[in-house]
Amino acid sequence: MTGAERHFDGGTDNGLADGLERLWTPHRMTYISGEDRPEGGYEKPTGCPFCLAPGLPPEQSLVVARGEHVFAVLNLYPYNPGHLLVCPYRHVADYTDLDAEETGELAVFTQTAMRVVRKVSNAHGFNLGMNQGGVAGAGIAAHLHQHVVPRWGGDANFMPVIGRTKVLPQVLGDTRDLFARAWPS
């Protein structure tokens, strides 16, 4: 029985509505379970996808834009279409480890990411954030990254609730191409 079914049939377990909105992402289970984790883990740059991405060809890396200290890359396991990550090139874990130049460029790239996503896909709003440490929800805690998650009115529709499916209207490579072309030089 699904949570929705428990709610509607008057069940008494934890599936009852609790007033919280949730962003369901069942496609992320591969990531959460660690099925695609490198053998050596993410702690060392040799296994860190954020360290490896800038050196890969664009169609493999999903890198949208590159700065001097940071880059923007599409999230391989997006919460919503156009979910970007802004990452420093340097393999650092904590926001306080960034130097002034990295901090400034990370902020500018976050602003630019919001402008680009609005221009390309007319996002109504954004969730921005960093999860610092594994206990705070960071899946790759060893390499700092800022989430830029576009939101639209009604983006939590029946598909994730009933069909346990998140509808993403484009393949990531096409989204990367659109964002890369719209990113100011």
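User: How much space lies in the second largest cavity?

Analyst: The general idea goes like this: roll a probe the size of a water molecule over the atoms, and you see where empty space is left. In this predicted model, the second largest cavity holds about 30 Å³ of space. Counting cavities of 30 Å³ or more gives two.

User: Okay, on to helices. At what angle do α5 and α7 pack?

Analyst: Find α5 at residues 100-121 and α7 at residues 172-182. They pack at about 115°, and their axes are 9 Å apart. Angles of 65 to 115 degrees count as roughly perpendicular, so α5 is roughly perpendicular to α7. The crossing of the two is right-handed.

User: Which residues make the contact?

Analyst: From α5, it's Val116, Val117, Lys119 and Val120. Helix α7 brings Leu178, Phe179 and Ala182. By class, this contact has six nonpolar residues, one charged and no polar.

Key. Residues are numbered from 1 along each chain as its sequence is written. This is a predicted model: local features need pLDDT of at least 70, side-chain atom pairs count only at pLDDT 80 or more; totals for chains, interfaces and linings use all residues. Side-chain values use heavy atoms; hydrogens and water are left out. On a 1 Å grid over the protein atoms alone, a cavity is a set of points where a 1.4 Å probe fits but cannot get out, and a pocket is an open set with protein on both sides within 12 Å along at least five of seven lines; lining residues have an atom within 4 Å of a point. Grid points are joined across faces, edges and corners, and a volume is the space filled by probe spheres set on the points. Axes are lines fitted to C-alpha atoms, for helices over the stretch in contact, and angles run from 0 to 180 degrees between N-to-C directions. Helices (H or I, at least four residues) and strands (E, at least two) are DSSP runs, numbered from the N terminus. Angles under 35 degrees count as roughly parallel, over 145 as roughly antiparallel, 65 to 115 as roughly perpendicular and the rest as oblique. A crossing is left-handed if the near helix is turned anticlockwise from the far one by less than a right angle, and right-handed if clockwise. Contact means heavy atoms within 4.5 Å. Ala, Val, Leu, Ile, Met, Phe, Trp, Tyr, Cys and Pro count as nonpolar, Asp, Glu, Lys and Arg as charged, and the others, Gly among them, as polar.
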